[in-house]
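Colleague: How do I read the inside of a protein? Take me through it, please.

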Amino acid sequence: MKTTCQVAVIGGGVVGCSVLYHLTKLGWSDVMLLERSELTSGSTWHAAGGFHTLNGDTNMAALQGYTIRLYKELEEITGMSCGLHHVGGITLADNQDRFDMLLAERAKHRFMGLETEIVGPDEIKKIAPITNTDGIIGALYDPLDGHLDPSGTTHAYAKAARMGGATIETHCMVRETNQRPDGTWDVVTDKGTIHAEHIVNAGGLWAREVGAMAGIYFPLHPMEHQYLVTDNIPEIEAIIDAGGEHPHVMDPAGESYLRQEGRGLCIGFYEQPCKPWAVDGTPWEFGHELLPDDFDKITDSIEFAYRRFPVLAEAGVKSVIHGPFTFAPDGNPLVGPVPGVRNYWSACGVMAGFSQGGGVGLTLAQWMIEGEPERDVFAMDVARFGDWITPGYTRPKVIENYQKRFSVAYPNEELPAARPNRTTPMYDIFSDLGAVWGQQYGLEVANYFAQAGEPSYETPSFRRSDAFAATGREARAVRGGVGINEVHNFGKYLVTGPRARDWLDRILAGRIPAPGRLSLTPMLSPKGKLIGDFTVSCLGEEEFQLTASYGAQNFHMRWFQQHQEDGATVENISDRRNGFQIAGPKAREVLAACTRADISGMRFMDVRRMVVGMTDCIVQRVSYTGDLGFEIYCDPMAQRQLWWTLWQAGQSHGMVPFGMRAMMSLRLDKFFGSWMREFSPDYTPAETRLDRFIAFNKPADFIGRAAAETERADGPARRLVAFEVDADDADVNAYEPIWLDGTVVGFCTSGGYSHYARKSVAIGFLPTERAAEGLEIKIEILGQMRKAKVISTPLFDADGARMRG
Ligand SMILES: Cc1cc2nc3c(=O)[nH]c(=O)nc-3n(C[C@H](O)[C@H](O)[C@H](O)COP(=O)(O)OP(=O)(O)OC[C@H]3O[C@@H](n4cnc5c(N)ncnc54)[C@H](O)[C@@H]3O)c2cc1C
């Protein structure tokens, strides 16, 4: 056996083999896969082999599309069969909300180049004749859906990898992974020790155990899953004899997926009485066996399926496949460099290995070899969960995810499992004021404050929700007087040391401010993609506070650590510095009443330390509401005291608490972009107009400079613009296509309702040459073409007089 290699991939399931193949495909051949048994010895061998592109996240859907197209390539390279059946598939909708979701998906597919179609009950009958369409409104048809042979496909990946120079060691159990001081790894196996520069954890069912060997907790959990294969069914035999093949049918109402298997059918369920498996760890001796049949938990599902597919009621069951596979808390894979651990990569938590495995392999190989993936993959980045995550949190979230696998996913939905988890000292005070809570990165965040008679739970919807009135009231109260909310959901970082400024100048593209001032700056990847959107506060020549998205903490800390330099220290202080923002025309008067500091001379973008009430605070004059406003940061231990000070002073000015729903409406008045909506690694500074914050004239060779300069010289092909939309009861959410002269020319990044201007607003990309004031276009919202026009004058405070005054 080889004793050194550049990459040791642990695990020979479909995911490990895909990673191995993609590493060779992108040029690394000194790569090795270690499998404790035979290839496919985890979840892979008993998978139903189905694949599909449908995914709520657009980039995940694109990677699923890549995976599906890859199989033909694999067959050609290796001469092996993947057992492909491109039979197409339909997803049924039996109520309006479900149908709305399919309409929204179809709309996204238009700019993604996916040829899906909405079909009605008559067409469903023609496409999938065994379906009882009673109560069905329509369906989404995807010609790319299909199924394959799981074992053949995994072996095809393995052969293609070997052809590219990779080595595969089967019956080679990894027992330990020990890091050397230089960051490389000793991988201790039954067959000896391998010295590897990088490790990839593709341990599938055992990924938790493999991670623990390096002291890493991977937030995933195995769930039991069952599908049945029937005896021959005459109606299916008739289709086959006529030269056809029955397509896949996903029936979300029945939580089932169905496809042809041989001359019968195969049907699997995501049942509500589902069961987590191996709660305290996956036994090493588990391998090529199945779990005992468990019909009790799928009795209701089977009865439902008999009504939807009556032929099933007459069919005998030939075999039952009941096995475990893993999920992360949100159901997406865990991929990428593990934060805080050098040269350790994750390729686990993949619950749909045959839809996603190719995309996971490609992404990881790009990240390892080229330094960054080609697209935004935050939805599956292992860094999207924080250090606060524990098995006690993961388990209920994974159960919830399994149960909701086929549920309608609403844009405003707040999932209830494992909550409240993390709360600030304001939780009870805000709850008493009627807070309706949402959740971000494990943290409870007030969405809005319900008054008597208003719903204390926001009903999930694709249309304007029942939080509309409360949101409007809060937004207008800010614009007319003063509002207060927490600043707990900002990611905050403290950068200190004699070289703090130099380091920031290299890591951030913008100007680093002078003491007492703030600046806004993008952070760029070497390829010039947006990987951060920061506010920098200079608290002293050697002390800076950075604020950015709360959910990106691990993502940003990983980057900072990867680019660490002597003389500058960076700490994540997100939960160690809390406080409030107060915003609106009366904000200055409220603050003045709470401090003896003279704030009259405090300019827009100033930052100062001052005592507010009896609390030491950092106060900065800036507000994401676009209004006159202050962010006031303090030690969380003093947060309640600070609250009472500000709240009491605010009473005479009509102060109201406002939540995230109002905040997101207020930012639209000024067309302010938001992280992971307008600003993400999918986009560049010039496309999003963040190039105005790049300090091209600073001497520092900041990361991404060359790419940003090239983009500045060439000009971007597309531009972010704002639209006023002629909407009805549904506003833009994200990824709605933008139509001009009958073709799709762009897509929306976000939108909503401006309660201040009483207008529906969207933000989205247009080709640069079309991005001009007044251009009239159409935006497809839930299947309806809505007129919209480009606007460039902010709806509030167009000259900035209030914000800066
Ligand atoms: C009943 C059922 C039906 C399914 N149907 C579908 C479907 O239709 N479509 C779909 O896309 N997905 C389906 N899945 C999910 C699919 O099986 C998984 O997504 C996929 O198999 C995950 O592959 P993996 O490589 O990540 O993990 P695994 O298949 O679990 O592979 C992990 C490998 O790592 C090896 N390993 C672990 N620890 C070590 C160690 N210490 N040393 C060496 N080797 C080690 C194991 O032996 C194993 O071979 C289904 C799952 C089940 C249970």
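**Cysteines and cores**

Modeller: Start with Cys538, which counts as buried at 1% relative accessibility. Buried means under 20% relative accessible area, exposed over 50%, partly exposed in between (1.4 Å probe, protein chains only). This is a predicted model: local features need pLDDT of at least 70, side-chain atom pairs count only at pLDDT 80 or more, and totals for chains, interfaces and linings use all residues. Residues are numbered from 1 along each chain as its sequence is written, and side-chain values use heavy atoms, without hydrogens and water.

Colleague: Is Cys748 buried or exposed?

Modeller: Cys748 is buried, with a relative accessible area of 0%.

Colleague: How many disulfides are there?

Modeller: A disulfide is a pair of cysteine sulfur atoms within 2.5 Å. Here the count is 0. Cys538 is in none; the nearest cysteine sulfur, in Cys617, is 19 Å away.

Colleague: Which residues have the most contacts inside the largest nonpolar core?

Modeller: In soluble globular proteins, nonpolar side chains tend to be buried together. A nonpolar core is a set of buried Ala, Val, Leu, Ile, Met, Phe, Trp, Tyr and Cys residues joined through side-chain atoms within 4.5 Å. The largest has 47 residues, and Leu504, Leu508, Leu546 and Phe560 have the most contacts inside it. Elements giving two or more residues include helix H14 (500–507), strand S24 (530–540) and helix H15 (553–562). S24 gives the largest share, 5 residues. Helices (H or I, at least four residues) and strands (E, at least two) are DSSP runs, numbered from the N terminus.

Colleague: What does Phe560 touch?

Modeller: Contact means heavy atoms within 4.5 Å. Leaving out residues up to four places away in sequence, Phe560 touches Tyr493, Trp503, Met523, Phe534, Leu546 and Val570. A second, separate core has 46 residues, among them Phe51 and Leu364.
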